[in-house]
Every structure is written in C-alpha cells, then in structure tokens.
Amino acid sequence: MALSLVLGFESTAHTFGVALAQGNAKKPFSASTNVLANVSKKYPSTAEGFIPRKLADFHAKNYPGLLRACFGQAGVSPSDVDAVAYSYGPGLGHSLHVGFIAAKSFAVSQRIPFLGVNHGLAHVEVGRFFCQLYEPLVLYVSGGNTQILSLENVARKGAYVNKAERQGLSGSKQYVTLGETLDIGVGNFLDLVGRHLKLDPPDAVGVLRQAPGGRLLSLPYVVKGMNVSFTGLLTAVKRLPSSTPKQDVCFTAQEVAFSMLCETLEKALVFTGKKGVLLVGGNARNARLQEMVSLVAQEHGATFGVPPFEYCGDNGGMIALTGLMQWGAKYGFDRMPNQKVRVEQEHVLW
Ligand code: FE2
C-alpha cells in the first residue's frame, strides 16, 4: 500500500507548528507511520499574558519560514503532499484563523483535500500512537483543558449521535468525559501562580523550577466527584502573606493541584477498570505530575504512558498524525474554525 503524506498546522493558542506525517492512512498505528519533520515557534511568556491579536500577528509573521523549514527538514516537496490538516478548535479565534488560512491556501494551491482536526483529540491520539496504548484512561492536562477521558463505543453514548450519523459511522468510538475542571485548566492555574509570584519565566515552568525543596502550606483542596476546581486554590495563593517563601508556594500549588488530579484519576480508574493510563497535554511534561500519575497507575496494575517531550505541548506533529488518521477514515473535511468544539464530539474511526 502506498504511503500517504499529510501536512499539519497547529495555531490554537501561543504556538504555531507545522509538521509532515507519513504512513499507511488505513493503518496509522502501524510501524510505517512516521513524523518526517515537526517545527514550531512559541510566543514568549510575558507578564501581560497572551493577547489574542498579538498572538495572531506572531503566527502570521512566522508561518512562511516554518513551512519552508518543515519541507527542508523532511526532504519532500509541496507537490508530494496528499492532504492538509489544521487544528480547527478549540482555541483563540484570531489564532485559529491564521492556521485556517495557511492550511486552506496550501490546499487550494496544490488542489488537495483539506481536513479540520480537533486540537484536544490530537493531544490524545498522538499519545495513543507513541505509547501504543489503544484503550487507555486519559488524563489530558494543559492551559485550557483538564479532563479525564475514556474511549467508548458509540452505542454506549447514543445521546451524542443521531440515528443517521450512527449508520454512517458504524464501528466508530467516541471519548467520554468522566471528569474535568469546573473552571480553569490546571496549566492556566500554574501559569497564573507563576505570574502572581513574578517568576522567571512567569508561568508553569517557573513554578516547576521553583518548587523542589519547598514546604507544604495549608491551601484548599477541591474535588467534587471526578471533577476538580482551581479558582479557589488560586485565590488562596494570592491571599498568602507576601513574606511567604516563593519556593513553598510553588511546591504547595503543584502538590495540591496534582493530588486533586490523582484522586479523580484513581476514581475513574477503579470505575472503568482500564489497564492503561495515558498522560497528555502541555502539562504532561511536568516530571512531578508524571511521577504521581505513574504511581496511581502502578498501584492499580495499569500501564503508564506519556508521549515524547516535543509531542506533549502544542505541536504540528500531533495535527499531522491525527490528520493522517482522519484522511484514512475520510473524516472531517472542509471544517471552519470552531472555538468551542469538544473532544467528545469527535468520532474515532481508526
Ligand atoms: Fe494544547
């Protein structure tokens, strides 16, 4: 079987990514699938946070160079590409449209099909691909998202699919959300702690660097069933006396937030009886979170997996890979940007 080549664009938030994935689109999890090039540029973290218009300007300025670099690294030409995939949501409207125009222009110029990939789905699918865990319980942690997901047969979730859709999508599966944040994502929480403490960098990475050796303070721990909430914890952090050592604040913010995630994950693991745990999303790069989640998995006899570092944060590779899967399944053509689309709306046909 001839291999397909899919170009992927990512631009939902602070990162513009371009990548090329090659493989047997009908069997995307086989050994023939490979990411030929994966390049990206991230808008730097600043004290003012991310201003949507500035992010879009940054993406528009950088994407031509990234596109050239991607083809240069992969050693292929634009005419070799079979289909283009872009991240159609969820994300910031300004940024999404830059990726949409970049991808659509390329597709029109090469007269090839054009696919919309759900950003959250791509975070999960790239994890399933690299970790070879096909039916895992997923903890998806990033700035905008914090969810516990489980892949289930469509028949079990008829409420999400009408009869006509079900006939056209026989054999497909969908992700079910077992738990999620009731307010902000865990990554956003840690970024805001970093900004409040004026760390360098003023984000979750600053918190991670500052945390080792800190003491545990008394801060609110909010778990509701399999859901979590971070805004009360953030308010409590902001109300701590300014004399509180930053190291103690960072250590406690991480320990409390990650313990909340581990408790809900453990409940979901017992509920589903899954034998694999996949940690995905930008905050999956956090070594302390990896350590805690792997211990939960180990205690329940489940295999733990986390994608390679460069595929945890936002990247074009995950869009190109999921685009290859969708290309093989002929799913998701000609989608317009959608700021609010959710993972559980997508069908998994591969
Ligand atoms: Fe993301």
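This report describes the sheet, its helices and the nonpolar cores of a predicted model.

## Basis

In this predicted model, local features need pLDDT of at least 70 and side-chain atom pairs count only at pLDDT 80 or more, while totals for chains, interfaces and linings use all residues. Residues are numbered from 1 along each chain as its sequence is written, and side-chain values use heavy atoms, with hydrogens and water left out.

## Sheet

An open sheet of mixed pairing is formed by five strands in the order β3-β2-β1-β4-β5. Strands (E, at least two residues) and helices (H or I, at least four) are DSSP runs numbered from the N terminus; two strands pair if DSSP finds at least two bridges between them. At the edges stand β3 (34-42) and β5 (114-118), each pairing on one side only.

Strands β1 (residues 4-10) and β4 (residues 83-89) run parallel and are joined by four bridges. Within this pair of strands, G8 stands opposite A85 in β4.

## Nonpolar cores

A nonpolar core is a set of buried Ala, Val, Leu, Ile, Met, Phe, Trp, Tyr and Cys residues joined through side-chain atoms within 4.5 Å, where buried means under 20% relative accessible area (1.4 Å probe, protein chains only). The largest has 44 residues, and F189, V193, F230 and L261 have the most contacts inside it. Elements supplying at least two residues each include β6 (137-141), α5 (186-196) and α8 (246-272). Helix α8 gives the largest share, twelve residues.

Not counting residues up to four places away in sequence, V193 touches V207, L234, V237, V249 and A253 (contact: heavy atoms within 4.5 Å). Another core, of 28 residues, lies apart from the largest one and has L7, V18, L67 and V84 among its members.

Technical notes: Buried < 20%, exposed > 50% of the residue type's maximum accessible area, 1.4 Å probe, protein only.
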